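Hi,

Here is the structure I promised to pass on. Please open it and read the notes below alongside it.

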Amino acid sequence: MNNVMKWAGTPNVAEFITFFKWLDPQGIMKNMVQDMGQTMKIVEKFVKERTEERKPGRKKTNDSLDALLKHEGDEKDRPDVISDQNRLIIILVNTMP
């Protein structure tokens with residue numbers, strides 16, 4: 001997560017000179033994609049472990065991840081269930097300093 005934050009805050013020359021965007025001269029996009037992929041895998045692993053723990057006969061916890069996993073919205077204002085992709089995004093946003 002620290003590397004993702006570092007790449008997000010690094011000034012990118014390609015954003016100012018659009019000709020360089022496809023070149024990625026500083027390697028920021030390449031590094032960001034790589035580090036974000038690793039971060040997403042770690043978060044997915046936490047979610048999978050928690051869904052296994054939520055099966056009957058297992059120890060129960062009550063934290064924000066459990067709230068995300070058992071969320072059920074009404075059909076008017078919110079979706080019925082939060083998708084896996086949106087769950088990962090919510091978790092990543094909540095862990096940023």
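A surface patch here is made of residues with over 30% relative accessible area and no salt bridge, and nonpolar side chains are joined into one within 5 Å. Keep in mind that this is a predicted model.

Now the patch itself. V13, F16, I17, F19, W22 and L23 form a nonpolar patch on the surface. Together they have about 700 Å² of accessible area. One of them, F19, sits in the loop between α2 (13–16) and α3. Is F19 buried or exposed? F19 is exposed, because its relative accessible area is 56% and exposed means over 50%.

Next, helix α3. It covers residues 28–53, which makes 26 residues. At 1.5 Å a residue, α3 should span 38 Å. Its end C-alpha atoms are 37 Å apart, so the two values agree. The buried residues of α3 are I28, N31, D35, T39, M40, V43, V47 and R50. What covers them? The cover includes α1 (2–9), α4 (64–69) and α5 (84–95).

Then the inside. The largest nonpolar core has ten residues: M40, V43, V47, L65, L68, L69, I82, L88, I91 and L92. Helices α3, α4 and α5 each supply at least two residues of this core. Find I91 and look around it. Leaving out residues up to four places away in sequence, I91 touches V43, V47, L65 and L68.

Last, N86 in helix α5. N86 has 40% relative accessibility, so it counts as partly exposed. N86 and L68 are 18 residues apart in sequence. In space, their C-alpha atoms are 9.9 Å apart.

Best wishes

Note on methods
Residues are numbered from 1 along each chain as its sequence is written. This is a predicted model: local features need pLDDT of at least 70, side-chain atom pairs count only at pLDDT 80 or more; totals for chains, interfaces and linings use all residues. Side-chain values use heavy atoms; hydrogens and water are left out. Helices (H or I, at least four residues) and strands (E, at least two) are DSSP runs, numbered from the N terminus. The expected span of a helix is 1.5 Å times one less than its number of residues. Buried means under 20% relative accessible area, exposed over 50%, partly exposed in between (1.4 Å probe, protein chains only). Contact means heavy atoms within 4.5 Å. Patches are made of residues with over 30% relative accessible area and no salt bridge: like charges are joined within 9 Å, nonpolar side chains (Val, Leu, Ile, Met, Phe, Trp, Tyr) within 5 Å. Accessible areas come from the Shrake-Rupley method with a 1.4 Å probe; for residues, only the protein chains shown count as cover. A salt bridge is a side-chain nitrogen of Lys or Arg within 4 Å of a carboxyl oxygen of Asp or Glu. A nonpolar core is a set of buried Ala, Val, Leu, Ile, Met, Phe, Trp, Tyr and Cys residues joined through side-chain atoms within 4.5 Å.
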